[in-house]
Amino acid sequence: GSGQTKQKTIPWYLGMEPMDLCVETGTEVVFNKTGHNVVQMATQSDYDACTGFLGENPTVGNNIDPFIWQADTDGIFYFACGVGTHCSAGGMKARITVAQTCIQDVNIPWSFGMEPQAQCVETGTNVIFDKTGSS
């Protein structure tokens, strides 16, 4: 490779919004946490229900701060904080898609008098309709 490790830092705290993101293969994902923990789940249904935490002592917090996960394998991976209700009530979960190429967020300005927009996006792209300029 290029010898340049890509890094992606994501917030990890009680009350965060659940995250859905894509990182390129080989990225170092840094969970920016203090305490808590980061555990994986096997399936989307476990992720949705905040159950099926994997690993040893998945409900016990730790002080591995930050927690770094190496995204070396393509696929979809599910993460949560296994402590208490932090996943279900605290929003502490992230679905990470690992792919050779990630399309970033696509912003579409959305206002009266705009030009028609034609956008081709890949599955999993966040399409953001930016209505700040509309009246």
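**View 1. The largest nonpolar core of the predicted model.** Among the 18 residues that make up the largest nonpolar core, those touching the most other members are W12, V29, F31, W69, F79 and I96. At least two residues of this core come from each of the strands β2 (19-24), β3 (27-32), β5 (67-71), β6 and β7 (93-99), and the greatest contribution is that of β7, with three residues. Apart from this core lies another, of six residues, including M41, Y78, A80 and C87.

**View 2. The surroundings of W69.** When residues up to four places away in sequence are not counted, W69 touches T27, E28, V29, F31, Q40, F77, F79, I96 and V98. W69 also belongs to a cluster, linked by ring pairs, whose other members are W12, F31, F67, F77 and F79.

**View 3. The aromatic pair of Y47 and Y78.** The structure holds seven aromatic pairs; in the one formed by Y47 and Y78, the ring centres are 5.5 Å apart and the planes stand at 45°, so the pair counts as tilted. Because Y47 lies in helix α1 (residues 44-49) and Y78 in strand β6 (residues 75-80), the pair ties together parts that are 31 residues apart in sequence. Y47 is buried, having a relative accessible area of 7%, and Y78 is likewise buried, with a relative accessible area of 9%.

**View 4. A lysine over the ring of Y47.** K93 lies over the face of Y47, at 4.6 Å from the ring centre, while the ring of Y47 is also the one that pairs with the ring of Y78.

Notes: Residues are numbered from 1 along each chain as its sequence is written. This is a predicted model: local features need pLDDT of at least 70, side-chain atom pairs count only at pLDDT 80 or more; totals for chains, interfaces and linings use all residues. Side-chain values use heavy atoms; hydrogens and water are left out. Rings of Phe, Tyr and Trp (its six-membered ring) pair if their centres lie within 6.5 Å; planes under 30 degrees apart count as stacked, over 60 as edge-to-face and the rest as tilted. Helices (H or I, at least four residues) and strands (E, at least two) are DSSP runs, numbered from the N terminus. Buried means under 20% relative accessible area, exposed over 50%, partly exposed in between (1.4 Å probe, protein chains only). A charge sits over a ring if NZ of Lys or CZ of Arg is within 6 Å of the ring centre and within 35 degrees of the ring normal. A nonpolar core is a set of buried Ala, Val, Leu, Ile, Met, Phe, Trp, Tyr and Cys residues joined through side-chain atoms within 4.5 Å. Contact means heavy atoms within 4.5 Å.
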